[in-house]
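Here is my note on the cross-links in this chain. Please read it with the model open beside you.

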Amino acid sequence: QVQLVESGGGLVQAGGSRRLSCVVSGRTFDSNAMGWYRQGPGKQRELVASITHFHEPYYVDAVRGRFTISRDNAKKTVYLQMSSLSPEDTAVYYCTWYQSSYPSPNFAYWGQGIQVTVSS
């Protein structure tokens, strides 16, 4: 089984920054794509960003230019650096592990989730 442990969430003022971390254990990491999803109040879970094992990133339009996803294979950790945060970014963020080297939504596993709250 894959284990995903997120950290770095909390409260932040609008315009501020925050970095999320996710440590992977129990499964392979170097050959797997990773990502971050989020679910805001009254909303569906949605993809935020993903990164292949070649360190090729992808971002949804809502966060492009503000968020940066990265990975450290030696630490089996994926990061999400969030900048210029707004209340619209308030959500539970989920670390995502993919079975393949490229993101495939049908073969993804999520962590427990971590709360990020952005004040007005």
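1. Start with Glu46. At 38% relative accessibility, Glu46 is partly exposed. The cut-offs are these: buried is under 20% relative accessible area, exposed is over 50%, and partly exposed lies in between (1.4 Å probe, protein chains only). Glu46 pairs with Arg38 in a salt bridge, with 3.1 Å between the closest N and O atoms. A salt bridge here is a side-chain nitrogen of Lys or Arg within 4 Å of a carboxyl oxygen of Asp or Glu. Arg38 is buried, at 7% relative accessibility.

2. A word on the basis. This is a predicted model, in which local features need pLDDT of at least 70 and side-chain atom pairs count only at pLDDT 80 or more, while totals for chains, interfaces and linings use all residues. Residues are numbered from 1 along each chain as its sequence is written, and side-chain values use heavy atoms, with hydrogens and water left out.

3. Next, Glu88 and Lys43. Their salt bridge has its closest N and O atoms 4.0 Å apart. Glu88 sits in the loop between strand E8 (77–82) and E9, and Lys43 in the loop between strand E4 (34–39) and strand E5 (46–51), so the pair ties together parts 45 residues apart in sequence. Strands (E, at least two residues) and helices (H or I, at least four) are DSSP runs, numbered from the N terminus. Glu88 is exposed, with a relative accessible area of 56%. Lys43 is partly exposed, at 44%.

4. Now Arg66 and Asp89. Their side chains form a salt bridge at 2.9 Å, N to O. This pair links distant parts of the chain, 23 residues apart: Arg66 is in the loop between strand E6 (57–59) and strand E7 (67–72), and Asp89 in the loop between E8 and E9. Asp89 is buried, with a relative accessible area of 2%.

5. Which residues are linked in a network of salt bridges? They are Arg38, Glu46, Arg66 and Asp89. The salt-bridge count for the structure is five.

6. Last, the disulfide. The structure has one, a disulfide being a pair of cysteine sulfur atoms within 2.5 Å. Cys22 and Cys95 form it, with their sulfur atoms 2.0 Å apart. The link is left-handed, at -85 degrees about the S-S bond. Cys22 lies in strand E3 (residues 18–25) and Cys95 in strand E9 (residues 91–98), so the pair ties together parts 73 residues apart in sequence. Cys22 is buried, with a relative accessible area of 0%. Cys95 is buried too, at 0%.
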